[in-house]
Amino acid sequence: MSDSSIADSALELTQSNDMTDSLMTKSSGDEHSSETGGRAGSSRASSSGNRLNDQKVKEFRQFLENHEGDRHLVVLQDFPDPDALSSAWGYRLIAQEYNITSEIVYAGTLSHQENIALVRLTGLPVKRWSQQMTKEKDLSAYDGCVLVDNQGTTTQLTPILERAKIPMLVVIDHHTSQGELNAEFIDLRSQTRATATIFVQYLKAGLLKLDNSESEHIKCATALMHGLRSDTNHLMQAQEEDFVAAGYLSRFYDSQLLNSVLQASRSKRVMDVIERSLRNRTLQNNFSIAGVGYLRYDDRDAIPQAADFLVTEENVHTAVVYGIVHDEDEELELVIGSLRTSKITLDPDEFIKEAFGHDANGRFFGGGRAMAGGFEIPMGFLSGFNENNEYTRIKWEVFDAQIKQKLIPLVDPEDGMIHTS
Ligand SMILES: [Mn+2]
């Protein structure tokens, strides 16, 4: 895995402003107020929001018509989440209407049990392409690539596709802009909570008529419902457009199927990491901080799950869980961490950027969005497995102490002391 691969943490980083901005202030859900207020045009935001969607639908339709018969590669972030997976499926079904075939791929891991369940139970057509496999493929078979719920900065496949000169055709995303993009069709809506919401708007506008008698439509609608729920914290941070989208999906989705996806049980290894986080946690000023030691690359998603769990403890408003993740294939090690908070005045993005700063290239080690954040710190020269247990233990202790040292000034600004317990 290349160091350009950033996952959950960086994903959270990129979502920085869109959710926090509107959490406590007027939300951009007002975009549709004219619909409910009955005074069409009374709100500039409302008409411009609808106009944007109408305009984008028109552009997208034109794009699809121009590309009839194409073969597209839909590239997801390395650790695809339900929003990405379901939106990519939406793309595939819409594109099919224009005789465009698309393959949905990701290079990392499907590591959260809910994501695995989503893919298995709905038969979501996604494939893992490792970096190696991708290098060996004949990419010239594809007319172009499509980025959904990402802008190419969270997938290891970007440099390979660039080298193979596969044109970037489409970017549909709700993260804040990651820099200049060159694609034929771009729909970036940083005020929108979920890419799934954008796709539902495309469906509603008629790019594909969902049909209750088509089982693939029902399954895709179910996946989109899961996607938009999971990017809005179970609709708790949803805006009007997300509720409208969910309302539309409610005509098609299979609630029992969604329930089975949500019931996915945790693996024993995830339980073990949660157990370690409980045992190792230190409580200070309503923060709960836990280092969980080493874990396998495939289990990295246990870290945010442990943070989700620790933040539920009485008198805790913020939990930070981190560990050293080693990727056996790539002989690479990273410190990966997650933050969860219920404290409305704590901005995870600011907190993480301030705690860990950035690398030599000015790139932050992490960031966040409302209530959640993450970080990913490459271990560089110290990376790599060592047979010697004592060495491994010391290495962990050093990183553990270093992370705590970075966190403590923020957890307890009065207390400049270094705590390493
Ligand atoms: Mn998303």
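Leu-224 touches Ser-86, Gly-90, Ala-196, Phe-199, Val-200 and Leu-249, leaving aside residues up to four places away in sequence; a contact here means C-beta atoms, placed from the backbone, within 7 Å. This is a predicted model, where local features need pLDDT of at least 70, side-chain atom pairs count only at pLDDT 80 or more, and totals for chains, interfaces and linings use all residues. Numbering starts from 1 along each chain as its sequence is written.

Leu-224 also belongs to the largest nonpolar core, which has 53 residues; together with Ala-88, Cys-145 and Val-146, Leu-224 touches the most other members. A core of this kind is a set of buried Ala, Val, Leu, Ile, Met, Phe, Trp, Tyr and Cys residues joined through C-beta atoms within 7 Å. Buried means 20 or more other C-beta atoms within 10 Å of a residue's own, exposed means 12 or fewer, and partly exposed is in between, with C-beta atoms placed from the backbone. Helix 5 (residues 82-96) gives the most to this core, with eight residues. Apart from it lies another core of 39 residues, including Ala-302, Val-325, Leu-334 and Phe-365. As a general matter, nonpolar side chains in soluble globular proteins tend to be buried together.

Zooming out, the chain has 16 helices and twelve strands. These are DSSP runs numbered from the N terminus, with helices being H or I of at least four residues and strands being E of at least two. Buried residues make up 47% of the 421 residues. Of the contacts with a separation of 6 or more, 70% are between residues 24 or more positions apart.

Six strands form an open, parallel sheet in the order 3-2-1-4-5-6; two strands count as paired if DSSP finds at least two bridges between them. Strand 3 (126-128) and strand 6 (185-188) are at the edges with a single partner strand each, so one side of each is left without a neighbour in the sheet. From one strand to the next, the twist averages 25°, taking axes as lines fitted to C-alpha atoms and angles from 0 to 180 degrees between N-to-C directions. Elsewhere, strand 12 is mostly covered, with six of its seven residues buried. Two of the strand pairings look like this:

| Pair | Sense | Bridges | A bridge partner pair |
|---|---|---|---|
| Strand 2 (residues 101-106) and strand 3 | parallel | three | Ile-104 and Val-126 |
| Strand 10 (residues 332-341) and strand 12 (residues 372-378) | antiparallel | seven | Ser-338 and Gly-374 |

Two helices are worth a look. In helix 6 (residues 113-122), Glu-114, Asn-115, Leu-118 and Thr-122 are buried. They cover an arc of only 105° around the axis, which puts them on the same side of helix 6; the arc is that of the directions from the helix axis to the C-beta atoms. Their cover includes helix 5, helix 10 (215-231) and helix 12 (255-262).

Conventions. Contact = placed C-beta atoms within 7 Å.
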